[in-house]
Amino acid sequence: MKVVWSENAETTFDVIVLYIEAKFGVISAKKFIAKVDSVIHSISTQPYIYKSSNFNNKVRKATISKQCSLFYEINQETIQLSYFWDNRQEPLF
């Protein structure tokens, strides 16, 4: 399936990459980007690989790392990446 990035997903991804780069260096940021690419590829080939989130059955949560998750929705023809979440933040709900 085709993967579509929302504006919010792009923004939250950029913020997390910039944080990792500033705190841990360029190599760590590149490793994170590679992990995100790998997870998105998995989602594009097997959209239901990750479980539904606790707050909305339509939204699925993919764990990128212990510190970061990706939330996405499966539509009829596309997979919409909603946002990246720093797991160290307070939960939304």
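Which residues is F84 in contact with, leaving aside its neighbours within four places in sequence? I put this question to a predicted model, and the entries below record what I looked up.

**Entry 1: F84.** With neighbours within four places in sequence left aside, I listed W5, A9, T12, F13, I16, V36, C68, S69 and L70 as the contacts of F84.

**Entry 2: the core.** I then looked up the largest nonpolar core and found that it has 20 residues. F84 is among those with the most contacts inside this core, together with F32, V36, I43, I64, L70 and Y72. I noted that α1, α2, β2, β3 and β4 each supply at least two residues of the core. The most comes from α2, which gives six residues.

**Entry 3: the sheet.** I traced an open sheet of four strands, in the order β1-β4-β3-β2 and with mixed pairing. Why is one side of β1 and of β2 left without a neighbour in the sheet? I recorded that β1 (2–5) and β2 (59–65) stand at the edges, and each has a single partner strand, so one side of each lacks a neighbour there. On average, and with direction ignored, neighbouring strands of this sheet are turned by 35° against each other.

**Entry 4: pairing of β1.** I examined β1 against strand β4 (residues 78–86) and found parallel pairing over four bridges. For K2, I noted T78 as the bridge partner in β4.

**Entry 5: the helices.** I looked up helix α1 (residues 7–24), which packs on the sheet and touches β1, β3 (68–74) and β4. The direction of α1 makes about 35° with that of β4. I also looked up helix α2 (residues 26–45), which lies across β1, β2, β3 and β4. Relative to β2, α2 runs at about 145°.

**Entry 6: V3.** I placed V3 in strand β1. Leaving aside neighbours within four places in sequence, I found V3 in contact with I40, S44, I79 and L81. I also looked up the pair V3 and P47, which are 44 residues apart in sequence. Their C-alpha to C-alpha separation in space is 9.9 Å.

**Entry 7: S82.** I located S82 in strand β4.

Terms used:
Residues are numbered from 1 along each chain as its sequence is written. This is a predicted model: local features need pLDDT of at least 70, side-chain atom pairs count only at pLDDT 80 or more; totals for chains, interfaces and linings use all residues. Side-chain values use heavy atoms; hydrogens and water are left out. Two strands pair if DSSP finds at least two bridges between them. Axes are lines fitted to C-alpha atoms, for helices over the stretch in contact, and angles run from 0 to 180 degrees between N-to-C directions. Contact means heavy atoms within 4.5 Å. A nonpolar core is a set of buried Ala, Val, Leu, Ile, Met, Phe, Trp, Tyr and Cys residues joined through side-chain atoms within 4.5 Å. Buried means under 20% relative accessible area, exposed over 50%, partly exposed in between (1.4 Å probe, protein chains only).
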